[in-house]
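Here is a walk through one structure, helix by helix and ring by ring. Have the sequence and the 3D view open as you read.

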Amino acid sequence: MSTIQENEENLIEQFADIDDWMDRYAYIIDLGNALEPISEQLKTPDRLIEGCQSRVWLDAELDSYGKVIYRADSDAIIVKGIISMLVEVLSGHTPDEILAADLSFIDKIGLAEHLSPTRSNGLLAMVKQMRAYALAFKAKGA
């Protein structure tokens with residue numbers, strides 16, 4: 001299992017050879033399309049992320065090894081790609097590792113500066129919700 005830092009570096013490398021932002025958006029969409037869809041039963045109001053203009057559902061569970069497993073989906077293709085990157089980087093790690101992650105890949109691939117203000121707010125809301133799940137699992141003594 002790779003570390004969060006290694007996952008971030010892997011994503012940064014994937015974007016390193018893509019100079020054009022239209023191509024980067026296309027790649028983000030591809031990542032979203034590759035995200036395993038969550039079941040309709042998990043698309044409930046309590047799993048909707050507040051602060052996102054699009055609908056984004058995030059579910060998390062703690063596996064038997066004390067690792068947080070995230071599942072997510074969105075009705076917007078770019079947003080689905082963004083959440084898929086966060087799931088890729090953070091899923092499968094302990095609550096402490098998730099809470100300590102700086103998620104520098106967001107700035108290093110230039111994502112933050114190429115999102116509209118509403119999408120940037122949504123990105124922050126996604127990260128905040130993922131950390132909230134990790135904090136809740138940690139509080140339960142995970």
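Let's start with Phe 137, which is buried, at a relative accessible area of 12%; buried here means under 20% relative accessible area, exposed means over 50%, and partly exposed is in between, with a 1.4 Å probe and protein chains only. A word on ground rules: this is a predicted model, where local features need pLDDT of at least 70, side-chain atom pairs count only at pLDDT 80 or more, and totals for chains, interfaces and linings use all residues. Residues are numbered from 1 along each chain as its sequence is written, and side-chain values use heavy atoms, with hydrogens and water left out.

Helices here are DSSP runs (H or I, at least four residues), as are strands (E, at least two), and both are numbered from the N terminus. Tyr 133 counts as buried too, with 18% relative accessibility.

Now for the rings. A pair of aromatic rings is described by the distance of the centres and the angle of the planes. Rings of Phe, Tyr and Trp (its six-membered ring) pair if their centres lie within 6.5 Å; planes under 30 degrees apart are stacked, over 60 edge-to-face, and the rest tilted. By this rule there are three aromatic pairs. One of them is Phe 15 with Tyr 27, an edge-to-face pair with 5.3 Å from centre to centre and 85° between the planes. Phe 15 belongs to helix 1 and Tyr 27 to helix 2, so this pair ties together parts that are twelve residues apart in sequence. Phe 15 is buried, at 0% relative accessibility, while Tyr 27 is partly exposed at 23% relative accessible area.

How do helix 1 and helix 2 pack? Helix 1 (residues 4-16) and helix 2 (residues 21-34) meet at an angle of about 135°, and their axes are 10 Å apart. That makes helix 1 oblique to helix 2. The axes are lines fitted to C-alpha atoms, for helices over the stretch in contact, and angles run from 0 to 180 degrees between N-to-C directions. Angles under 35 degrees are roughly parallel, over 145 roughly antiparallel, 65 to 115 roughly perpendicular, and the rest oblique. Leu 11, Gln 14 and Phe 15 of helix 1 meet Arg 24, Tyr 27, Ile 28 and Leu 31 of helix 2, with contact meaning heavy atoms within 4.5 Å.

Helix 2 also packs against helix 3 (residues 77-90): their axes come within 7 Å and cross at roughly 70°. That makes helix 2 roughly perpendicular to helix 3. Among the residues making this contact are Ile 28 and Leu 31 of helix 2, along with Ile 78 and Met 85 of helix 3.

Where does Ser 54 sit? Ser 54 is in the loop between helix 2 and strand 1 (56-62), and is buried at 18% relative accessibility. Leaving aside neighbours within four places in sequence, Ser 54 is in contact with Ser 74, Asp 75, Ala 76 and Val 79.

Finally, look at Ala 100, in helix 4 (residues 95-100). Ala 100 is exposed, at 64% relative accessibility.
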